[in-house]
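Subject: Structure for you to look at

Hello,

Here is the structure I said I would pass on. Please open it first and then read the notes below it.

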Amino acid sequence: MITHAEVEQTEVVVGVDTHKDCHVAVAISMLGVVLGTGSFAATAAGYQELLDWVQTLGLVKRAGVEGTGSYGAGLTRALRATGVEVVEINRPNRAMRRRRGKSDAVDAEAAARSVLSGEAAVVPKNGDGPVEAIRVLKIAKDSAVKARVQAVNQLRSVLVNAGTLVREPLEDLPLPRLIVQCATGSWKGLEPVEAAVVHTLGCLARRIQFLDAEIKDVFKQMTSLIQQTAPDLLQLQGIGPDSAAALLIAAGDNPDRLRGEASFAALCGTSPVEASSGKTSRRRLNRGGNRQANAALFRAVLSRLRWDPATQEYARRRTTEGLSKREIIRCLKRYLARTVYKILRANLPIPAATCNP
């Protein structure tokens with residue numbers, strides 16, 4: 001019979017398959033034996049119930065959680081608050097899924113075994129600092145920009161199909177004046193169809209003005225947070241608030257979770273990937289990683305190629321060595337990723353609880 005003292009000394013690994021309303025957890029021993037399975041509500045009370053349940057089985061130091069950036073974010077914070085090391089789990093292995101089928105318990109067990117074997121070792125983002133605030137603000141800004149583009153396209157489309165009485169006075173106006181005229185202009189003696197067109201133009205123009213104000217407000221807040229969080233990032237040539245936000249979001253509030261600048265480069269998709277076979281020895285471009293961060297580095301490199309003499313000289317030298325423009329840009333993105341990583345490590349605080357061993 002296992003005593004209470006033996007339970008406290010037995011280390012277990014937990015795997016959790018997360019969902020919107022409930023989480024399914026499986027605990028296994030260090031020998032891979034399944035010790036128990038449970039389902040818990042995705043609430044603060046449910047998180048505590050999960051912790052209490054695991055503690056009846058043994059001492060939990062590591063937990064593999066799916067969706068640490070979405071449905072598992074709350075559970076991740078709760079586990080970390082108790083000193084449990086949380087490992088981010090990717091989707092289950094497809095070959096194993098074909099053999100064993102699909103269920104919440106099977107996915108949770110696979111998560112626990114991937115942590116136990118060391119296959120899963122990614123430290124998730126904290127999601128509770130200034131970078132998370134920047135991420136949320138960027139979501140609002142990007143959606144407002146997208147809505148504004150859609151509204152402008154709709155306004156132009158309605159104007160193109162309008163009658164000559166409405167279209168001709170407006171079609172040659174630049175966009176800012178067109179929006180003001182449509183939003184504030186008054187028309188008299190119009191036919192019903194023309195009146196409907198004018199009303200629609202006014203609605204779309206006022207929507208664009210509202211979105212303009214929203215974009216400016218959110219952009220101002222986001223820029224202020226970036227200046228407080230990583231001011232040195234904005235000093236790099238070619239990197240503005242939008243690009244800085246994308247790079248910060250890729251790294252997270254705890255960039256120390258990355259093993260080094262090479263890991264950050266791989267995260268941004270700027271590291272070369274080996275593509276050698278037989279007598280062929282070559283590297284190809286990395287098409288993975290965070291594409292928003294990759295695009296931010298790409299924009300910065302293009303800006304430097306146009307305005308920075310040192311970058312222009314580097315491009316000329318590498319061209320004489322036989323490199324293509326695409327390869328030169330990839331090299332420049334890799335060098336810039338190294339600089340950005342050093343700035344992030346210097347500007348962002350390093351929480352000891354999330355450091356990699």
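**What was found**

Y314 has a relative accessibility of 11% and so counts as buried; here buried means under 20% relative accessible area, exposed means over 50%, and partly exposed is in between, with a 1.4 Å probe and protein chains only. Y335 has a relative accessible area of 39%, so Y335 is partly exposed.

Before going on, note that this is a predicted model, in which local features need pLDDT of at least 70 and side-chain atom pairs count only at pLDDT 80 or more, while totals for chains, interfaces and linings use all residues. Residues are numbered from 1 along each chain as its sequence is written, and side-chain values use heavy atoms, with hydrogens and water left out.

Back to the two tyrosines. The ring centres of Y314 and Y335 are 5.8 Å apart and the planes stand at 80 degrees, so this pair is edge-to-face. Rings of Phe, Tyr and Trp (for Trp, the six-membered ring) pair if their centres lie within 6.5 Å; planes under 30 degrees apart count as stacked, over 60 as edge-to-face, and the rest as tilted. Y314 is in helix α13 (residues 309–320) and Y335 in helix α14 (residues 325–347), so the pair ties together parts that are 21 residues apart in sequence. Helices (H or I, at least four residues) and strands (E, at least two) are DSSP runs, numbered from the N terminus.

The structure holds three aromatic pairs. Another of them is formed by F40 and W53, which is tilted, with 5.4 Å from centre to centre and 50 degrees between the planes. F40 belongs to strand β3 (residues 34–41) and W53 to helix α2 (residues 44–55), so this pair ties together parts 13 residues apart in sequence. F40 and W53 are both buried.

**The chain as a whole**

The chain has 14 helices and seven strands. Its radius of gyration is 27 Å, well over the 21 Å that the globule rule gives for 357 residues, so the chain is more spread out than a compact globule. The radius is taken over C-alpha atoms, and the rule is 2.2 Å times the number of residues to the power 0.38. Along its principal axes, the C-alpha trace spans about 95 × 60 × 45 Å. Of the 357 residues, 42% are buried. Among contacts (heavy atoms within 4.5 Å) between residues at least 6 apart in sequence, 63% join residues at least 24 apart.

Where is A111 found? A111 is in helix α5 (residues 104–117). With 1% relative accessibility, A111 counts as buried. Leaving aside neighbours within four places in sequence, A111 is in contact with G15, V16, G64 and I89. G15 is 96 residues from A111 along the chain, yet their C-alpha atoms are separated by 4.7 Å.

Is Q235 buried or exposed? Q235 is exposed, with a relative accessible area of 65%. Q235 lies in the loop between α9 (192–229) and α10 (241–251). From C-alpha to C-alpha, Q235 and A111 are 42 Å apart in space, and in sequence they are 124 residues apart.

L190 is in the loop between α8 (175–184) and α9. Neighbours within four places in sequence aside, L190 is in contact with L165, A195 and V198. L190 and D17 are 173 residues apart in sequence and 62 Å apart in space, C-alpha to C-alpha.

Regards
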